[in-house]
Amino acid sequence: MPDTNEPEWLADSNARMIETRVCIDDRLGPYDAKLVPANRWHGSVSPFFTLDVVRELAARTQEVAHEYGHDRNDTIHVIDSQREPRALVLHIRWSYLDQDGGSAVSIIQPNDEGLYGIGGWEWTWNFASWQCACGSTMHWHVTDCEGCDPTRDTQPDKTDAAPKEPTVLEDVPPWLADAEAAYATRQEAAAAHKVLTVVDRANRINRELIELGITPIALADVPAGSTALTPALLVQADPEAELYAVYADWDETEGKARLTLGHYWGEYTGQRPGRLLTTIDDVVEARREGPAPQPEPKRPTEIPRQELRKVVERTAAYGPRDGDTGELTALVAGLAAAVLYLADTVTHANDRP
């Protein structure tokens, strides 16, 4: 016979249940649930779900078992009656089949509210956060949303904007959870802005190509899930004629398309900047002349000899110090003065007619 025994706490009608959301890491959930916060099993909560949520949970458990193996993952099944508007919910523990077939299958009966307790005192359910319809971050211990009208009789719909990846909030203070949620929102907004910016640049490149009458081999694009612009390919390299591959990229400083070149001999597979794209002739010229010369690195500014002499004179006038440090300072000053004197002498000798 299937095991239908329930823990004693399930029969406690005086325990106060709250509405919340629960998850098991990123594998299951988050799901809407009701539970008694004090009912814990090694820190994990024991949630109750509506039949609609159970159907979602059942589908997900079967996906997980199919992906990771039934021997390590329980599954939930909803069997609908063909004649009556009722359903049978089963909990199958596949790892118990060879040990004790009777306890491997449980029929989950609904409670007085029509909710089904699944995984209580067995699975590691944890509290999850969610976004209220008003945009506020909600937590398991919150019963009223501060961002909504306090005169409302009903709670805001918590299912409007559930987070993609639930954040487990057990033992996390509310202020930190709010700060983390705000940070995640800012990060998502920044990432979205970056993607839109790169997509706009790709569109500008393609518009400039059309206006110039250039039909590229491949349009400028931004691959899905990426924030990097793929330049438009205009002309392939021709190693025999020693002609470079030509691409159209975006120059943020100039605010227009710039040609980039790929070497024709195959030793360099990347691209190097060329001239700005203003006419089709720029493409013709660029594939012959190759990348634009890179600017010379700036050399450190030389200190005039007169300034060095002043430094040396100040150092010498500062006087020796007691001990090794003072002697070393005097020696360095004297050596610097001698070098400067020699440099002046050579300069004057070369300046004579």
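Excluding residues up to four places away in sequence, His91 touches Asp74, Thr75, Ile76, Ala104, Val105, Ser106, Ile108, Glu122 and Trp123, where contact denotes heavy atoms within 4.5 Å. The model is predicted, with local features requiring pLDDT of at least 70 and side-chain atom pairs pLDDT 80 or more, while totals for chains, interfaces and linings use all residues. Residues are numbered from 1 along each chain as its sequence is written, and side-chain values use heavy atoms, with hydrogens and water left out.

His91 lies in strand E7 (residues 87-92); helices (H or I, at least four residues) and strands (E, at least two) are DSSP runs numbered from the N terminus. His91 is classed as buried because its relative accessibility is 2%; the class covers values under 20%, with exposed over 50% and partly exposed in between (1.4 Å probe, protein chains only). The side chains of His91 and Asp74 are joined by a polar contact of 3.0 Å. Such a contact is a pair of N or O atoms within 3.5 Å; within protein, one must be able to donate a hydrogen and the other to accept it, and residues adjacent in sequence count only if both atoms are side-chain atoms.

Ile76 is in contact with His91 and, among others, Val54, Ala58, Val89, Ile108, Ile118 and Trp123, its neighbours within four places in sequence being left aside. Ile76 is also one of the residues with the most contacts inside the largest nonpolar core, together with Leu28, Phe49, Ile118 and Trp125; this core has 22 residues. A nonpolar core is a set of buried Ala, Val, Leu, Ile, Met, Phe, Trp, Tyr and Cys residues joined through side-chain atoms within 4.5 Å. A second, separate core of 20 residues includes Ala220, Leu234, Leu261 and Val283.

Strands E1 (residues 18-24) and E2 (residues 28-35) pair in the antiparallel sense over six bridges, pairing being assigned if DSSP finds at least two bridges between two strands. Thr20 has Ala33 in E2 as its bridge partner. Three residues separate the strands of this hairpin, and Asp25 in the turn has a positive phi of about 50°.

Strand E15 (residues 256-262) has five of its seven residues buried. Seven bridges join E15 to the antiparallel strand E14 (residues 245-251), with Asp251 opposite Lys256. In the hairpin of E14 and E15, four residues lie between the strands, and Gly255 takes a positive phi near 70°. E15 is also joined by three bridges to strand E16 (residues 272-276), again antiparallel; Thr260 is the bridge partner of Pro273 in E16.
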